[in-house]
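Visitor: I have a model here and some questions about it. Can we walk through it together?
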Amino acid sequence: MLDPDVAAHYELGLEHSRLFIDGRARLEFVRTLELLTRLLPRPPARVLDVGGGTGVYALPLTELGYQVRVVEPIRSHIDDVETQASEPDLSGLSAVLGDARDLPENSDSYDAVLMLGPLYHLTERVDRVQAFREAARVTRPGGVVIAAGISRFASLIDGLKRQILSDPLFRSIVERDLQDGQHRNPDVTGHPEYFTTAYFHLPTELSEEAIEAGLTEPQMYAVEGPSWIVENIDDLDNQLFAARAVEQEPSLMAATSHFIVVGLAAPAQQS
Ligand SMILES: C[S@@+](CC[C@H](N)C(=O)[O-])C[C@H]1O[C@@H](n2cnc3c(N)ncnc32)[C@H](O)[C@@H]1O
């Protein structure tokens, strides 16, 4: 069952434009896409995009020649993907209703699985490990799983940047984030920009969850890195330089907004 606050947040229909509204989001999009194209197997690999939203990464990956299937619990997100999939030359794109913890797909049927969203909306560790297990199950042996988390310190840094830490509502949300990573917004209707129910990881927690689910050789990458602290959309080149320069630096990993872990599905055991 999807958390009702999470469902209500995405049913607002904000997701299709989220990554194109400001410089921070543009940085997230450009960096995520560059990491995906670097870390995924070559096209025409089969990619399952779990929690793929409205297809924001599924669409450009399909255009690059990947065969991409989106799994989403939000009906309107599925509709958006299916509308795009009906365009000429996008027959490699498809979508299905489903949940990261119980994927409606066969074992070993994908070269790669993306989870760029579900993990931070699963607030219990047992559910996150289950989502990783499902990703590992549907990935062929030796294929890759790429999963995103939001940094424990993202709200604190964002609050400083946007000068909203003096708002008592936002301050209380940040204090809870710092305490235990549990992000709760008591006014999701009045302040959807303060996000919805989520869990904000420490970097080591994300890779430990991947390992517990059986993924091997986990590698962490900061998506925006420290670059998201400035909001200058005219300076994307320097932001990308800084993000790339320290993308795997462990001592800076929590300064990003999003990080990803990349793990391999275990090869079949020799008998
Ligand atoms: C912030 S959006 C990210 C969308 C896109 N992957 C991106 O990176 O921009 C989070 C997405 O995760 C989906 N989601 C939340 N909980 C999920 C779950 N338990 N299983 C699958 N998807 C889930 C939401 O419906 C939403 O589309």
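Guide: Helix H8 (residues 154–162) packs with helix H9 (residues 168–180) at an angle of about 150 degrees, and their axes are 8 Å apart. This is a predicted model.

Visitor: Is H8 roughly parallel or antiparallel to H9?
Guide: The angle between H8 and H9 is about 150 degrees. Angles over 145 degrees count as roughly antiparallel. So H8 is, relative to H9, roughly antiparallel.

Visitor: Which residues of H8 meet H9?
Guide: On the H9 side, the contact uses Phe170, Ile173, Val174, Asp177 and Leu178. By class, the residues of the contact are 5 nonpolar, 2 polar and 1 charged. The H8 side supplies Ser155, Leu156 and Gly159.

Visitor: Is Pro118 buried or exposed?
Guide: Pro118 is found in helix H6. Leaving aside neighbours within four places in sequence, Pro118 is in contact with Val50, Gly51, Ala100 and Ala131. Its C-beta has 27 others within 10 Å, and 20 or more is the cut-off. Pro118 is therefore buried.

Visitor: How far apart are the C-alpha atoms of Pro118 and Glu72?
Guide: Along the chain, Pro118 and Glu72 are 46 residues apart.

Visitor: Which residues have the most contacts inside the largest nonpolar core?
Guide: The largest nonpolar core has 67 residues. Take Ile260: beyond four places in sequence, Ile260 is in contact with Leu35, Ile146, Ala147, Ala148, Tyr221 and Val223. The residues with the most contacts inside the core are Val113, Met115, Ala147 and Ile260.

Visitor: Is the peptide bond from Pro43 to Pro44 cis or trans?
Guide: Pro44 lies in the loop between helix H3 (23–39) and strand E1 (46–50). Most peptide bonds are trans. The bond from Pro43 to Pro44 has omega near 10 degrees, and is cis.

Visitor: What is phi of Phe195?
Guide: Phe195 sits in the loop between strand E6 (182–183) and strand E7 (198–199). Phe195 is buried, with 21 other C-beta atoms within 10 Å. Most residues other than glycine have a negative phi. Phi of Phe195 is positive, near 70 degrees.

Visitor: Is Glu217 buried or exposed?
Guide: Glu217 is placed in strand E8 (residues 216–222). Glu217 has a positive phi of about 50 degrees, although it is not a glycine. It has 11 C-beta neighbours inside 10 Å, and 12 or fewer is the cut-off. So Glu217 counts as exposed.

Visitor: How far apart in space are Thr197 and His183, C-alpha to C-alpha?
Guide: Thr197 lies in the loop between E6 and E7. Not counting residues up to four places away in sequence, Thr197 touches Asp3, Asp5, Val6, His121, Thr123, His183 and Arg184. Thr197 and His183 are 14 residues apart in sequence. C-alpha to C-alpha, they are apart by 5.6 Å.

Visitor: Does Thr197 count as buried or exposed?
Guide: A residue needs 20 or more other C-beta atoms within 10 Å to be buried. Thr197 has 20 C-beta neighbours inside 10 Å, so Thr197 counts as buried.

Key
Residues are numbered from 1 along each chain as its sequence is written. This is a predicted model: local features need pLDDT of at least 70, side-chain atom pairs count only at pLDDT 80 or more; totals for chains, interfaces and linings use all residues. Axes are lines fitted to C-alpha atoms, for helices over the stretch in contact, and angles run from 0 to 180 degrees between N-to-C directions. Helices (H or I, at least four residues) and strands (E, at least two) are DSSP runs, numbered from the N terminus. Angles under 35 degrees count as roughly parallel, over 145 as roughly antiparallel, 65 to 115 as roughly perpendicular and the rest as oblique. Two residues are in contact if their C-beta atoms, placed from the backbone, lie within 7 Å. Ala, Val, Leu, Ile, Met, Phe, Trp, Tyr, Cys and Pro count as nonpolar, Asp, Glu, Lys and Arg as charged, and the others, Gly among them, as polar. A nonpolar core is a set of buried Ala, Val, Leu, Ile, Met, Phe, Trp, Tyr and Cys residues joined through C-beta atoms within 7 Å.
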